Amino acid sequence: MRETKQRNLILEIINNSTVHLIAEDIYKLAREKIPNISLGTVYRNLNFLLDQGSIRKIKINSIDHFDNVKKFHNHFICTKCNTIYDVFEKESITNNTCGKVMSYEIIYKGICNKCIEEEK
């Protein structure tokens, strides 16, 4: 499949985001630069980027959130506010002698510091 300006924009939005966006958020941001882009186009391109390994999907309460894969990392999900945090570890299976790791996903679940503080 050929490269398109829509796909490039969607990848750029995900790669430049500091949060884990859902498709509707990506759609709204994409419309700022390409006003006639459709939600269907966004979904098709998200699926293509997922299949190519250019982005990752994190599912929380049946809602897909999208993340870049510039650097392998894990995630912490707050079970109270559903915020997703990136967790970077100093060493991981990607630095191993077993073989080449193609992908992995570790999700930690708990209550984030912000929610803990709000409970006090």
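Biologist: Why does Leu-46 count as buried?

Modeller: Leu-46 has 1% relative accessibility. Buried means under 20% relative accessible area, exposed over 50%, and partly exposed in between (1.4 Å probe, protein chains only). So Leu-46 counts as buried. This is a predicted model: local features need pLDDT of at least 70, side-chain atom pairs count only at pLDDT 80 or more, and totals for chains, interfaces and linings use all residues. Residues are numbered from 1 along each chain as its sequence is written, and side-chain values use heavy atoms, without hydrogens and water.

Biologist: What is Leu-46 in contact with, beyond its neighbours within four places in sequence?

Modeller: Contact means heavy atoms within 4.5 Å. By that rule, the partners of Leu-46 are Ile-10, Ile-14, Ala-23, Ile-26, Ile-55 and Phe-66. Take Ala-23: it lies 23 residues from Leu-46 in sequence, yet 8.0 Å away in space, C-alpha to C-alpha.

Biologist: Which helix holds Leu-46?

Modeller: Leu-46 is in helix H3. Helices are DSSP runs (H or I, at least four residues), as are strands (E, at least two), numbered from the N terminus.

Biologist: What makes H1 roughly perpendicular to H3?

Modeller: The axes of H1 (residues 5-16) and H3 (residues 39-52) come within 10 Å and cross at roughly 70 degrees. Axes are lines fitted to C-alpha atoms, for helices over the stretch in contact, and angles run from 0 to 180 degrees between N-to-C directions. Under 35 degrees is roughly parallel, over 145 roughly antiparallel, 65 to 115 roughly perpendicular, the rest oblique. Therefore H1 is roughly perpendicular to H3.
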